Amino acid sequence: MTLMRLHDTLLAHFGAQHWWPAETPFEVMVGAILTQNTAWTNVERAIKALKTADALSVAAILALDHDTLAALIRPAGYFNVKARRLKALCQSLYDAGVADAPERLAQQGTAAELRDRLLTINGVGAETADSILLYALERPSFVVDTYTRRSFTRLGLLRGNETYAAIQAYFQAALPTDLALFNEYHALIVALGKHHCRPTPRCAGCPLNTHCAHDQHAQHTLPLRKTAAL
Ligand code: SF4
């Protein structure tokens, strides 16, 4: 089954996911930091607190002292680390001259240049950078996360020990470079990971179970088939 058909099967099953769940590109950027190592429901509570405090802007976050910012985003966990990371993100946006409209960062370089720039920000790794590129700056950069690695290893398409860059290259080589497709595909992988391909998979009812190496080996006790495509 091709990656495109996998996408189409997931889309038919789960429907369009309408990602990213945010009102503005800056909210996407903030969410991409806050969602590190925590569930999205916790991020929603932190963002709601920022909104209630009228603090969901570059200027407001830079103006807040560390402890106040950390207290606001406490629901997202690791709040001291994430407060520093939000400050670093906002300082970078301020330095780029796009504090009032962070989405205008997209006008300041190619996707590769923007990605390199994002990766220089404290706390922005590959997944966060690609999330910001794809969902805030509208650049087609495929996002790889834990769900991607887990599901596509079980499907028999990855070994599971590839680097982030190798997995991203695998998807980007096999798919047309299409912003809407990359947007939807990652969101659908998350839906698969939440509903079926969980740490203990729920293969019954999974839309991919007739194509899945893991499910075909039954009982979920045998080693994964090694049919890595990389
Ligand atoms: S069939 Fe099972 S292991 Fe395979 S993708 Fe679906 S939930 Fe994951």
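A residue is called buried when its relative accessible area is under 20%, exposed when that area is over 50%, and partly exposed in between (1.4 Å probe, protein chains only). With those words in hand, let us walk through the structure.

This is a predicted model, in which local features need pLDDT of at least 70 and side-chain atom pairs count only at pLDDT 80 or more, while totals for chains, interfaces and linings use all residues. Residues are numbered from 1 along each chain as its sequence is written, and side-chain values use heavy atoms, with hydrogens and water left out.

Now look at where the domains meet. Nine residues of domain 1 are in contact with six residues of domain 2, contact being heavy atoms within 4.5 Å. Together the two domains bury about 630 Å², with 55% of it on carbon and sulfur atoms; buried area here is the accessible area (1.4 Å probe) that two parts lose on being put together, summed over both. Between domain 1 and domain 2 there are four residue pairs in polar contact, both residues at pLDDT 80 or more. A polar contact is a pair of N or O atoms within 3.5 Å; within protein, one must be able to donate a hydrogen and the other to accept it, and residues adjacent in sequence count only if both atoms are side-chain atoms.

On the side of domain 1 that touches domain 2, helix H10 (164-174) and helix H11 (179-195) each supply at least two residues. Helices (H or I, at least four residues) are DSSP runs, numbered from the N terminus. H11 gives the largest share of this side, five residues. By type, the residues of this side are five nonpolar, three polar and one charged. Here Ala, Val, Leu, Ile, Met, Phe, Trp, Tyr, Cys and Pro count as nonpolar, Asp, Glu, Lys and Arg as charged, and the others, Gly among them, as polar.

Arg-154 counts as buried because its relative accessibility is 10%. The side chain of Arg-154 reaches the backbone oxygen of Pro-199 at 2.7 Å.

Let us turn to charged pairs. Side chains of opposite charge can pair when their charged atoms come close. A salt bridge is a side-chain nitrogen of Lys or Arg within 4 Å of a carboxyl oxygen of Asp or Glu, and the structure holds three salt bridges. Glu-23 and Lys-51 form one of them, at 3.4 Å from N to O. Glu-23 lies in the loop between helix H1 (3-14) and helix H2 (25-34) and Lys-51 in helix H3 (residues 40-52), so this pair ties together parts that are 28 residues apart in sequence. Lys-51 also forms a salt bridge with Glu-27, with the closest N and O atoms 3.1 Å apart. Glu-23 is exposed at 66%, Lys-51 is partly exposed at 34%, and Glu-27 is buried at 6% relative accessibility.

Finally, Arg-115 forms a salt bridge with Asp-130, the closest N and O atoms being 2.7 Å apart. Arg-115 sits in helix H7 (residues 111-119) and Asp-130 in helix H8 (residues 126-136), 15 residues apart. Arg-115 is buried, with a relative accessible area of 19%, and Asp-130 is buried at 0%.
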